[in-house]
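Keep the sequence and the 3D view open while you work through them.

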Amino acid sequence: MRDPFTVLGVAEDAGDTEIRRRYLALVRDFPPDRAPDRFREYRAAYDALSDERKRLETKLLHTNAAALSRLSAAALHAASPGSARATKRTVAALLNEGIMRTVTD
Amino acid sequence: MNKPLRCAPAPSVPIGIQIARAGEALRQERFKEAIELFKPLIRQDPRPEWKASLADAYRGRARAMAAKKMFKEAAMVLENTIAPDGTVRDPRLYLTCLIRDGQQPKAAAYLLRCFGGDGVLPATERAALEDLAASLLVAVPQLPEASRAAPSEPSRWRELAAASREALAGWINGASAEEMDRQLNRISLRSAFRPLRLLLKSLTSIPRDDERTRHLLETIHPGSPFYPFRQAVEATVLGERVLDAYAWEQLTPAQQAFVAETRGLPVAASQFLARLSEAAQGGPAVLFGYLTKQPDLPRAEVRNACLNLLPQIPDRLPQFEKSFGPLSDLERHRVKALAAEARNDWEVAERSWRAAAAAIADGGTDRQAMLSQGVIYRHLAHLAIMHPEIEGEDIFGDPVIFYLERCYTVDPEHIPTLLELIGRYRKELQLKDWHRLVDEAVQRFPDDSQVLLQATESAVARKAYKMAAGFARRLLKINSINPGVRRQMIELQVAHARKQMRAKRPDLAAKELSAAAEWERPDAPSALLRIARGLVSLQTGAKEQAEVWLREGVELAGGGVAGWFQAQLEAELMNATGGDAGWLRQELVRARETPPTEESVMTIVSAVGRPEAVENKRVVAGLLLGLRAWLLQAASFNWSEAEFQALAETLARFDAFDLLQEYARAARRRDPANPAWRFYDIVARTKGNADRLSMAETDDLFEMAEAAARREDFHAAKRIERFLDGNGRVSAGRGRAAVALPDTIDDDEMAALFMAMMDEMPKGSADSLRGLVNELGRDATVAQMVEKLRSSPIGPGMPEPLLRLLSEAMVAKAMGGGRSRHGGKTRRSQLFDA
């Protein structure tokens, strides 16, 4: 199981409103008919976080692999973010990826 | 080398035939042939419709090639269709072919040319291609040259493209935030280059406002060519929240490179992820060992990850404490509880969870602490439902209620717990607690529809009509339809009216029913209310109105026998069968001339299942007896098991065992293999009394119960067990003491009993008797049988020698002695002698 906070991309102290808003935004981008797996993942994460009691339940009652998910995130973010710039080549590759995806879809 | 065309145009072929052939080839999607046929025609006479057909043929040919991934060739074929304004027949296909062939600069130049003015591209096509054009114009190494005859629109596009490219280059080269702002302001937010502006703005905004950034980025939708860029930027700027090992793996190599470059991630980070994944595959112990040896990782996160592994490897607790220091009380009990759950040790799990809740309580009484305790107690209540081992040392009564009560104490605002506790009180028949808690709930949550529904039901159960009506009205304000509450209120008032009618006060009953009518929705009229009003009106002398209501009610109740049966039943319940109500019976008799249908029979089953009918068993039994012949016609219907079940329960409940037997036998004839029919056949034969079971039937039922349990049909297994226990619903003897044989048994009865027992001695019993004889010897087995029979229902009525004789005969039969006719007679005579 992934850390539901990471799946939805919200901070651990996020409130009900913010979590719901984020969930709805994700579902709008990945509706169940187009991305059923992602939708299921978002839905499960939202179910685990949708209110204060559920968040406590997730924290207390589940031996969560989410902790591992958080650990790997911490490892990834050990460096200071946003200080460097990407290379021209990387950006071009990224743009080309989007272009190719558009014409392939 | 090209293959010769199947239908090459001969110069002598008339033009009409050539056109027909070309058109046919196009229709049949033989595009190459169509092209070759149209070309000479157009050379002779360049008619617009032929040119259009030729372009269609080219497009078809290009599509076929693109489907075979021959993108270069497909693009070349489409270039044959270039119009004077520079557009091709299918711009999107053309661009796809160019891009997939790696000719991005050519695609960009084409698009720049296409946006050269109104009408070059249809509006919908243009809108669909704008995002692609913007991304291409940013991505290509060089901006395409301006067309000589460039109208104003391409130059605007060029300007925006140039500004976007400069801004992107500025960011790559490390331009300052101010410089970036200046550059980004040149990109119109209303242009197709907006996504790039948002992306670069998100990357350079300082101080960063994550929420605003997210809002901005979310406007770049998944179909946009800038979407992969958006994902990479999100991972970069919102990384702490959205990026973990899994999310990292989901990124494409280009996105990973972007994130690594912009976040300055060390190579070790991605290597760590790979090693972490390997260790995780080795199991919790391996992973635990790996994590504790990672000094460079954030300590708190490593501790948290290891703590969450402990329930799977509780033996590593000392190692954990050595590495990270002692666990808190809560953590220790939580780990123990989760570990116990993992090994299904529910007693330890319960003890540990309770200790964890106590540790939280010791730590403080703030909201979080109270809610956390509530979470644990609710969890314990749910565990107690599933695992009977959870019963607590200090719990007297239902452990589920005990834990729900505790949960309610620490978290009284949690409505689901409150409703669960109310439901549990009700189920366990703790009626005082049920009503008390409902009263509390409705005061605390006066506008909650679930609570109001409970309050209505509680008031109905207390016969507090006014209170129930008040709750129901409040509930209907929240949900004006709510058919359940409306029906409940109508039933409640009809019940009152019945009482008034039985007390010979039809005037009061009429008042009651007028009030009940306010609960009726015009689009959902109540059959029960119409019938009741009709019956009351008959008594008050309003005969015409009575007949109208009764006929309406009967129709609503299903019409025919089903409808008139319900009217007759209600008349009986109201004690309103005399005088003018006689015609109801006549209507029912007349309706019986129509043969039954499955639906009409099931409607009757449903009607007699109502509590007021069940409470008046004698009345219903009498009515069913009147319908016997009519119901018999339905015995041979192809009833489903569920329908049959409902029917059989009803027939047994009202002692209609002869009907039940007919139904069961008909069902067995249709489907001899289904044990359900056999069960009800036995129920019918024994008149629902397990004490009348023969040994063979008993064994059969045990086998049926076991088979049902094996196929996980626990309802059937329970039903059979309940019947065998003598307290099944099918049993007419429910609640009665076990009936032994009569005190005095005459010889014939005893002989018949003896013969029946011998005849029906099943194979299973014979086997077990043989086993006993082999184990204990013949005499000891006979002695044991005597004891068994003595304690059976027939025992008290049998003298000792008779019991012994019977036992000996059974043992003899089991041991293969059989029973010849003569042998039977011999034993019979022995029996009489005895």
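**Exercise 1. A residue and its surroundings**

Which residues does Ala359(B) touch, not counting residues up to four places away in sequence?

Solution. Start with the ground rules. This is a predicted model, in which local features need pLDDT of at least 70 and side-chain atom pairs count only at pLDDT 80 or more, while totals for chains, interfaces and linings use all residues. Residues are numbered from 1 along each chain as its sequence is written, and chains are lettered from A and ligands numbered from 1 in the order in which they are written.

Step 1: locate the residue. Ala359(B) sits in helix H21 (residues 346-363) of chain B; helices (H or I, at least four residues) and strands (E, at least two) are DSSP runs, numbered from the N terminus.

Step 2: list its partners. Leaving out residues up to four places away, Ala359(B) touches Asp329(B), Leu330(B) and His333(B). Two residues are in contact if their C-beta atoms, placed from the backbone, lie within 7 Å.

Step 3: check one partner. Leu330(B) is 29 residues from Ala359(B) along the chain, yet their C-alpha atoms are separated by 5.4 Å.

Step 4: Ala359(B) counts as partly exposed because it has 18 C-beta neighbours inside 10 Å. On this scale, a residue is buried if 20 or more other C-beta atoms lie within 10 Å of its own, exposed if 12 or fewer, and partly exposed in between.

**Exercise 2. Two helix pairs**

Describe how H26(B) packs with H27(B), then do likewise for H6(B) and H7(B).

Solution. Two packed helices are described by the angle between their axes and the distance between the axes. Axes are lines fitted to C-alpha atoms, for helices over the stretch in contact, and angles run from 0 to 180 degrees between N-to-C directions.

Step 1: take H26 (residues 449-461) and H27 (residues 465-478) of chain B, whose axes come within 8 Å and cross at roughly 160°. H26(B) and H27(B) are therefore roughly antiparallel. Angles under 35 degrees count as roughly parallel, over 145 as roughly antiparallel, 65 to 115 as roughly perpendicular and the rest as oblique.

Step 2: find the contact residues. They include Leu452(B), Leu453(B) and Ala459(B) of H26(B), and Phe471(B), Leu475(B) and Ile478(B) of H27(B). The residues of this contact divide into 11 nonpolar, 2 polar and 1 charged. Here Ala, Val, Leu, Ile, Met, Phe, Trp, Tyr, Cys and Pro count as nonpolar, Asp, Glu, Lys and Arg as charged, and the others, Gly among them, as polar.

Step 3: turn to H6 (residues 104-114) and H7 (residues 123-139) of chain B, with axes that come within 9 Å and cross at roughly 130°. H6(B) and H7(B) are therefore oblique to each other. Among the residues making the contact are Gln104(B) and Leu111(B) of H6(B), with Leu129(B) and Ala133(B) of H7(B). The division is 9 nonpolar, 1 polar and no charged.

**Exercise 3. Confidence and the two chains**

Where in chain B is confidence lowest, and where is it highest?

Solution. Step 1: get the overall figure.

Step 1: Helix H47 (residues 821-833) of chain B is lowest, at a mean of 39, and helix H23 (residues 399-410) of chain B is highest, at 94.

Step 2: look at the chains. Chain A has 6 helices and 0 strands, and 41% of its 105 residues count as buried. Chain B has 47 helices and 0 strands, with 40% of its 834 residues buried.

Conventions
pLDDT = per-residue confidence, 0-100.
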